[in-house]
Amino acid sequence: MQHWIASTEAYVKAQLQGAEGGHDWWHVYRVWQLSKRIAQQESADTLTVELSALLHDIADAKFHDGDEELGPARATAFLEQLGVDAPRVAHIGNIIRYMSYKGGHNEGAFYSPEFAVVRDADRLDAIGAIGIARTFNYGGFRNRALYDPAIPPQLGISKEAYKNSTAPTLNHFYEKLLLLKDGMLTATGKQLAEARHAYMQTFVDRFKAEWEGLDG
Ligand code: ADP
Ligand code: NI
């Protein structure tokens with residue numbers, strides 16, 4: 001149903017007008033493209049994959065007073081009025097509901113091949129060169145320090161503490177980004193994550209060396 005995709009693309013672009021640079025239409029665009037590529041290698045339904053990728057971030061809870069149901073609710077309401085069949089709408093609602101990382105507290109709660117594809121694509125966009133750019137953009141948006149050697153990363157913290165963290169941006173690499181590689185669900189996702197992870201690790205190592213004037 002090609003017109004469903006085109007209508008959804010237009011709706012999402014309108015919804016994300018003025019969004020923070022790491023969670024804007026271009027993030028959705030990248031996840032959409034990567035999802036299509038990964039879906040080709042997995043036996044996943046491409047229509048469900050594409051609609052989920054397009055709609056996965058239309059109302060991110062952290063920009064809406066922590067309301068985690070707003071995103072799935074808006075996405076499913078939109079798909080219903082588009083005329084998408086009810087089982088597919090419910091499935092897409094679940095994909096969106098369970099995708100978010102939330103400090104690792106959402107892991108293993110839901111699975112389908114389509115979920116695996118879109119979640120991997122979203123997490124690949126959180127690592128590598130793009131991941132670095134998005135993370136410092138978000139830190140700037142929240143006016144966080146780049147780094148503070150006196151504030152160590154906090155691993156294994158509660159979902160609330162993760163959401164409310166005001167730690168320096170570099171800590172986010174240890175608290176989330178460098179952990180994502182091992183949680184990839186598809187073979188293609190695992191393979192793409194390796195190179196993006198290595199690039200990010202090199203960046204962090206250089207960043208810390210340069211911080212102390214110790215780079216060679
Ligand atoms: P998810 O898409 O799994 O819900 P988020 O929206 O929390 O994950 O994160 C998406 C991206 O936003 C992160 O990969 C990172 O680039 C940026 N981001 C989110 N939280 C932080 C933070 N506390 N510090 C720096 N960047 C962050
Ligand atoms: Ni996303």
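**Close-up 1. Two buried ligands of the nickel site.** Both His-27 and Asp-122 are buried (buried means under 20% relative accessible area, exposed over 50%, partly exposed in between, with a 1.4 Å probe and protein chains only). Together with His-56 and Asp-57, they hold the nickel ion (ligand 2) at 2.1 to 2.2 Å, using NE2 of each His and OD of each Asp. Donors here are N, O and S atoms within 2.8 Å of the metal (3.2 Å for Na, K and Ca), and water is not among the atoms, so sites may look incomplete. This is a predicted model, in which local features need pLDDT of at least 70 and side-chain atom pairs pLDDT 80 or more, while totals for chains, interfaces and linings use all residues; side-chain values use heavy atoms, without hydrogens or water. Residues are numbered from 1 along each chain as its sequence is written, with chains lettered from A and ligands numbered from 1 in the order in which they are written.

**Close-up 2. Geometry and spacing at the nickel ion.** Along the chain, the donors of the nickel ion (ligand 2) follow H-x28-H-D-x64-D. His-27 sits in helix 2 (residues 25-41) and Asp-122 in helix 6 (residues 113-124), so this pair ties together parts 95 residues apart in sequence. Helices (H or I, at least four residues) are DSSP runs, as are strands (E, at least two), numbered from the N terminus. What makes the arrangement irregular? The four donor atoms subtend angles of 84 to 174°. For reference, four donors count as tetrahedral if all angles lie between 85 and 135 degrees; four count as square planar and six as octahedral if opposite donors are over 155 degrees apart and all others between 65 and 115; anything else is irregular.

**Close-up 3. Helix 3, mostly covered.** Nine of the ten residues in helix 3 (residues 46-55) are buried, including Glu-50 and Ser-52. The buried residues pack against helix 1 (2-15), helix 2, helix 4, helix 5 and helix 6.

**Close-up 4. The largest pocket and its lining.** About 1,200 Å³ of space lies in this pocket. Of the 49 lining residues, His-23, Asp-60, Lys-62, Ser-100 and Tyr-162 lie nearest the centre. Elements giving two or more residues to the lining include helix 4 (70-82), helix 7 (128-141) and helix 9. On a 1 Å grid over the protein atoms alone, a cavity is a set of points where a 1.4 Å probe fits but cannot get out, and a pocket is an open set with protein on both sides within 12 Å along at least five of seven lines; lining residues have an atom within 4 Å of a point. Grid points are joined across faces, edges and corners, and a volume is the space filled by probe spheres set on the points.

Close-up 5. Thr-169 is buried at 5% relative accessible area, and Asn-171 is buried at 2%. Beyond neighbours within four places in sequence, Thr-169 is in contact (heavy atoms within 4.5 Å) with residues including Phe-136 and Arg-144. With those neighbours left aside again, Asn-171 meets Ile-151, Pro-152 and Pro-153.

**Close-up 6. Arg-196 in helix 10.** Arg-196 sits in helix 10 and counts as partly exposed, at 25% relative accessibility. Where does Gly-128 lie relative to Arg-196 in sequence and in space? The two are 68 residues apart in sequence and 3.9 Å apart in space, C-alpha to C-alpha.
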